[in-house]
Every structure is written in C-alpha cells, then in structure tokens.
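These are my notes from going through one model. I list what I looked up and what I found.

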Amino acid sequence: MVEDVTDLYREFGEDRLPPGQRRTDRFPVLSKSGTPSYNPADWRFEVYGAVDTRLEYDLEAFSELPHVRQRQDFHCVTGWSRFDCEFAGVPFTEIADRAGIGSDVEHVLFHALDGYTTDLPLSACLREEVLFADELDGEPLPDDHGGPVRVVTPHKYAYKGAKWVTGVEFLTEPERGYWEKRGYSRTADPWNEERYS
Ligand SMILES: Nc1nc2c(c(=O)[nH]1)N[C@H]1C(S)=C(S)[C@@H](COP(=O)(O)O)O[C@H]1N2
Ligand SMILES: [Mo]
C-alpha cells in the first residue's frame, strides 16, 4: 500500500508546486562533497541526546523496523521539484516513540556519514511524512541519493533531509546544521520561499 502525501501542500500554500520552483522528472544529485563510501557491516544508526533510551541499529535491525510506503514531492532549494517520489522507510515518530523523548526536547540535529548535519524543530519532525527512507521507487535507495538510509522532509526544502544518515540527536536547545550555519534558512518552508536567512 502506498500512502499519498502529495496533498500536504494544502497546509502551507495554494499550489502543489511551491513559488519559484520548476518541475523536473529527473532526480539531480546534490551533495556538499560527493558520495561517501562505507562498509555495510560497520554501518550503524544511532539515536541519542535527551532520550530515555539510546538506540543503535545495524543494517539488518534497521530493515526489520516497521516501514511505511509513501508518495511524496521533493523540493530542492536551488529551484527544482520532483513530484511523486515513492519512498519507503521508518517513520520519524516510530524512532521517537522507541527512544522516548524527554519533555524538554525542542530540537533535532541529524548527523551523516559525510560530516553533514541539518537541524529542525522537534515539531517539524513529528509528522507522518518525515521518514528514514531506505527505498526509492521500489528499489534500495541509490548511493548517490543517500543510501543506505536518508531522511525525507517533503514539507521543507530537501537540504533538511540528511542523506547517509547515521544519527539523530535530540536537543533541549536549537543548534545549527551545516547549511544553516552558512546562511540557508533554518525554517526552510518552500511555500513561503524561506531559502536563505
Ligand atoms: N549527508 C548529506 N545530506 C544531504 C546533503 C549533503 O551534502 N550531505 N545535501 C543536501 C542538499 S543541499 C540537497 S538539495 C539534498 C539533495 O538530495 P539528492 O542528491 O537526493 O537530490 O540532499 C541534502 N542532504
Ligand atoms: Mo540543496
């Protein structure tokens, strides 16, 4: 079953295509420093910070977590949008429930294999469409697009979705990620064209 969440734009704007974006059927690859290599046997996904229980999964354990399949749109801050991406993955809320997040948690910082980080308020993460995705269009997520696991954030510009994600850190105070430190918007709402801060 594929759940269609492409109508989430109604919460934010009039049009499915956010202002200043153009549609593409290609899926360009954008990374700060190329696709990192990793040893699948050593790969770990870690959940830490202000949580009741630290979690750690290897690839097999991650693949056994409950997954959902969704049709989502993808909006890059550089101006292209790709409609109808089919992602399968573990919902952010599933991970948050398993770790048990403290009542003082306000913010989340995602960590990745290439040293990339990106941050979001907790409230922007506790949404059904925020996934730790390991499949794209019915295939294992390609390396260039963040395999084995990436974050997807269809309600935000795509730099909020860390590719090659290896950790999620729950914070009691905001911290800035890689592009957020370099002038990209902290809030990144595509329908409000929050590109730069
Ligand atoms: N780990 C990591 N994640 C990342 C990036 C990166 O450089 N490293 N780039 C971000 C940016 S700026 C964008 S637009 C999207 C691009 O995703 P794509 O290459 O699958 O199109 O990934 C985001 N996630
Ligand atoms: Mo980007």
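Is Trp164 buried or exposed? I looked up its relative accessible area and found 1%, so Trp164 is buried. I note at the outset that this is a predicted model.

I went to Trp164 for its backbone: its phi is positive, about 50 degrees, although the residue is not a glycine. I located Trp164 in the loop between E11 and strand E12 (165-171).

Asp137 was my next entry. Asp137 also has a positive phi of about 50 degrees and is not a glycine. I found Asp137 in the loop between strand E9 (131-136) and E10. Its relative accessible area is 36%, so I put Asp137 down as partly exposed; the cut-offs I use are under 20% for buried and over 50% for exposed.

I then checked a peptide bond. The one from Gly147 to Pro148 is cis, and I read an omega near 15 degrees. Pro148 belongs to the loop that runs between strand E10 (139-140) and strand E11 (150-152).

**Cysteines**

How many disulfides does a search of the whole structure find? I recorded zero. A disulfide would need two cysteine sulfur atoms within 2.5 Å. For Cys85 I looked up the closest cysteine sulfur, which is in Cys76 at 12 Å, and therefore too far for a bond. Cys125 is in no disulfide either; I found its nearest cysteine sulfur, again that of Cys76, 19 Å away.

I also looked up how accessible these two residues are. Cys85 has 0% relative accessibility and counts as buried. Cys125 likewise has 0% relative accessibility and counts as buried.

**Ligand 1**

I turned to the ligand. Where does ligand 1 sit? I found ligand 1 in the largest pocket. I listed 21 residues around ligand 1, and the closest are Pro28, Lys32, His145, Arg150 and Lys163.

I then went through individual polar contacts:

- I found an N or O atom in the side chain of Arg150 at 2.7 Å from an oxygen atom of ligand 1.
- I noted a polar backbone atom of Leu30 at 2.9 Å from an oxygen atom of ligand 1.
- For Gly161, I noted a backbone N or O atom 2.9 Å from a nitrogen atom of ligand 1.

I followed up on Gly161. Gly161 lies in the loop between E11 and E12. Its relative accessibility is 5%, so Gly161 counts as buried. I also looked up one distance from Gly161 across the chain: its C-alpha atom and that of Ser63 are separated by 19 Å, and the two residues are 98 apart in sequence.

What does the side chain of His155 reach? I found the backbone oxygen of Ala124, at 2.8 Å. His155 is placed in the loop between E11 and E12. With a relative accessible area of 2%, His155 is buried.

At 1% relative accessibility, I count Asp119 as buried. A polar atom of the Asp119 side chain lies 2.8 Å from the backbone nitrogen of Gly177.

**Pairs distant in sequence**

Last, I looked up C-alpha separations for residues well apart along the chain. Val47 and Gly167 are 120 residues apart, and I read 5.8 Å between their C-alpha atoms. Val47 lies in strand E3 (residues 45-49). I also noted that Val47 has 0% relative accessibility and counts as buried.

For Phe12 and Thr78, which are 66 residues apart along the chain, I read a C-alpha separation of 19 Å. I placed Phe12 in the loop between strand E1 (3-4) and strand E2 (22-23). Its relative accessible area is 27%, so Phe12 is partly exposed.

Note on methods: Residues are numbered from 1 along each chain as its sequence is written. Chains are lettered from A and ligands numbered from 1 in the order in which they are written. This is a predicted model: local features need pLDDT of at least 70, side-chain atom pairs count only at pLDDT 80 or more; totals for chains, interfaces and linings use all residues. Side-chain values use heavy atoms; hydrogens and water are left out. Buried means under 20% relative accessible area, exposed over 50%, partly exposed in between (1.4 Å probe, protein chains only). Helices (H or I, at least four residues) and strands (E, at least two) are DSSP runs, numbered from the N terminus. A residue is near a molecule or strand if one of its heavy atoms lies within 4 Å of it. A polar contact is a pair of N or O atoms within 3.5 Å; within protein, one must be able to donate a hydrogen and the other to accept it, and residues adjacent in sequence count only if both atoms are side-chain atoms. On a 1 Å grid over the protein atoms alone, a cavity is a set of points where a 1.4 Å probe fits but cannot get out, and a pocket is an open set with protein on both sides within 12 Å along at least five of seven lines; lining residues have an atom within 4 Å of a point. A molecule sits in a cavity or pocket if more than half of its atoms lie within 2 Å of its grid points.
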